[in-house]
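Please walk through this model from its overall fold to its charged side chains.

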Amino acid sequence: MRQVGCMRIAHRAGVLVILALLSVGCGQQKGAGAPRGEGTAAVQEQSGAEAETADETVPPDQSSQQAVPAAPAGQEQAGTAKADKSVSSGDPAGSDGSAKEGSGALTAKEAEEKALAHVGLTPEQVTYIQSKADYEKGRQVYEVEFYTQDGKEYDYEIDADTGEVIGYDYDAEGYAPSAALDGSGLTAEEVKALALANVPGAADADIREFEMDRDDGRIEYEGKIVYDGMEYEFEIDGLSGMIRSWEAEPVGR
């Protein structure tokens with residue numbers, strides 16, 4: 001009887017031990033699983049926060065395409081002007097080979113004023129004047145032609161960039177000179193002095209050619225002066241001393 005009771009007690013004790021062990025094992029499994037679930041939830045929460053921050057920084061409709069800022073008005077105008085300039089400078093000459101007015105520093109009107117100032121005339125003393133843009137040895141020039149009230153003709157060549165007088169012609173063929181006061185005319189030395197007076201700084205040694213000739217029964221002197229890189233050719237009436245023709249241009253042209 002006692003044996004049976006002891007066996008029952010031992011059986012119950014064994015069952016309790018097994019149940020206790022099972023309970024402890026389940027508790028450990030629950031404790032080990034909990035951190036893993038919490039860590040996964042934390043990672044998901046952090047990823048979601050980063051995604052939310054990225055969405056706030058770059059809106060979905062602007063992340064794939066960024067707007068290009070418009071250029072300021074001043075820069076846009078400058079770019080347009082630059083383009084226009086490149087187009088105009090690409091064709092400096094007209095279809096006929098002549099230069100276009102305005103492509104140089106001077107206008108045609110300013111070139112005419114330069115020519116008149118060089119000879120000491122005013123627009124009121126001129127009966128006709130015209131100018132034409134052209135090219136001379138790679139540079140733009142203005143050819144200016146005008147007549148005075150007393151029938152003299154002038155032809156000027158003006159540098160379109162600097163306003164420099166490159167060369168000029170003077171012709172008084174259509175003008176009938178009056179006779180000298182004493183009727184004797186001028187000597188060769190007096191004619192040379194008249195010619196040199198039109199080339200400041202030149203001397204007798206600069207007169208390279210000089211001769212007397214007759215034209216339609218009139219005595220005239222022809223000569224050439226070379227001075228300071230310029231060559232001057234002239235015709236002077238031997239009776240009145242009037243310069244009938246004068247031409248100036250660079251040496252070797």
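The paragraphs below take up the fold, the confidence, the core and the salt bridges in turn.

This is a predicted model. The protein chain has 253 residues, of which 25% count as buried. Its secondary structure comes to 4 helices and 8 strands, and from the N terminus on the elements run α-α-α-β-β-β-β-α-β-β-β-β. Among contacts between residues at least 6 apart in sequence, 41% join residues at least 24 apart. The chain exposes about 17,200 Å², with carbon and sulfur atoms supplying 53% of that area.

The mean pLDDT is 73, and 54% of the residues reach 70 or more. Helix α4 (residues 188-196) has the highest confidence, at a mean of 96, while helix α2 (residues 73-90) has the lowest, at 39. Residues 31-44 stay under 50 in pLDDT and have 0 contacts beyond four places in sequence. The pLDDT is also below 50 over residues 53-100, a stretch with 21 contacts in the model beyond near neighbours in sequence.

Next comes the core. In soluble globular proteins, nonpolar side chains tend to be buried together. Here the largest nonpolar core has 34 residues, and Tyr142, Phe146, Ile225 and Trp246 have the most contacts inside it. Beyond four places in sequence, Phe146 touches residues including Ala115, Leu116, Val119, Tyr128 and Ile129. Ile129 is also touched by Glu112, a residue of helix α3 (residues 108-119). Glu112 is buried yet has no salt bridge. Why does Glu112 have no salt bridge? The nearest side chain of opposite charge, Lys109, is 4.6 Å away, whereas a salt bridge requires nitrogen and oxygen within 4 Å.

The structure holds 7 salt bridges. One of them joins Arg139 and Asp159, with the closest N and O atoms 3.1 Å apart. This pair links distant parts of the chain, since Arg139 is in strand β2 (residues 139-148) and Asp159 in strand β3 (residues 153-159), 20 residues apart. Arg139 is partly exposed, at a relative accessible area of 33%, but Asp159 is buried, at 5%.

Another salt bridge brings together Lys152 and Asp150 at 3.6 Å, N to O. Lys152, which Phe146 also touches, is buried with a relative accessible area of 19%; Asp150 is partly exposed at 34%.

Glu209 and Lys224 meet in a salt bridge at 3.5 Å. Glu209 lies in strand β5 (residues 207-215) and Lys224 in strand β6 (residues 218-227), so the pair ties together parts 15 residues apart in sequence. Glu209 counts as partly exposed at 45% relative accessibility, and Lys224 as buried at 16%.

How values were computed. Residues numbered from 1 in each chain as written. Predicted model: local features only at pLDDT ≥ 70, side-chain atom pairs only at ≥ 80, totals over all residues. Heavy atoms only, no water. Helix = DSSP H or I, 4+ residues; strand = E, 2+ residues; numbered from the N terminus. Buried < 20%, exposed > 50% of the residue type's maximum accessible area, 1.4 Å probe, protein only. Lys, Arg positive; Asp, Glu negative; His and termini not counted. Contact = heavy atoms within 4.5 Å. Areas by Shrake-Rupley, 256 points an atom, 1.4 Å probe, with all protein chains shown as cover. Core = buried A, V, L, I, M, F, W, Y, C linked by side-chain atoms within 4.5 Å. pLDDT = per-residue confidence, 0-100.
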